[in-house]
Amino acid sequence: GYKKIDVKIFFLSAAAMNPNLRLSQIVMPDGTMDGPFGTETEYNLTQNGGYQLIFSENMMAGDPWSGDATLSVTLSK
């Protein structure tokens with residue numbers, strides 16, 4: 001019954017000025033995908049069922065990811 005997801009990545013290291021980690025893909029219940037996204041994403045959920053969130057580095061820019069991060073995922077109706 002949820003209609004919206006809000007995903008945020010918080011980087012715990014002050015040294016990570018341009019951290020290379022993002023929400024790369026959202027996999028829908030029917031197997032279709034959307035993305036890439038960034039470090040803050042609001043997305044409308046149009047299908048009922050389970051969604052998969054895939055996080056990774058942006059392979060086109062920046063250095064390899066290292067460090068600590070916290071994810072916040074909020075669902076709303």
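pLDDT is the predictor's confidence in each residue, on a scale from 0 to 100. This is a predicted model, in which local features need pLDDT of at least 70 and side-chain atom pairs count only at pLDDT 80 or more, while totals for chains, interfaces and linings use all residues. Residues are numbered from 1 along each chain as its sequence is written, and side-chain values use heavy atoms, with hydrogens and water left out.

**View 1. Confidence along the chain.** The average pLDDT of the chain is 89, and 92% of the residues score at least 70. Helices (H or I, at least four residues) and strands (E, at least two) are DSSP runs numbered from the N terminus.

**View 2. Salt bridge between Lys4 and Glu42.** A salt bridge puts a side-chain nitrogen of Lys or Arg within 4 Å of a carboxyl oxygen of Asp or Glu; the count by this rule is 2. In the pair Lys4 and Glu42, the N to O distance is 3.4 Å. The pair links distant parts of the chain, with Lys4 in strand 1 and Glu42 in strand 4 (residues 40-44), 38 residues apart. Lys4 has 31% relative accessibility and is partly exposed (buried is under 20% relative accessible area, exposed over 50%, partly exposed in between; 1.4 Å probe, protein chains only). Glu42, at 57%, is exposed.

**View 3. Salt bridge between Lys8 and Asp6.** These side chains meet at 4.0 Å, N to O. Lys8 is partly exposed, at 28% relative accessible area.

**View 4. The cis peptide bond at Pro36.** From Gly35 to Pro36 the peptide bond is cis, with omega near 5°. Pro36 lies in the loop between strand 3 and strand 4.
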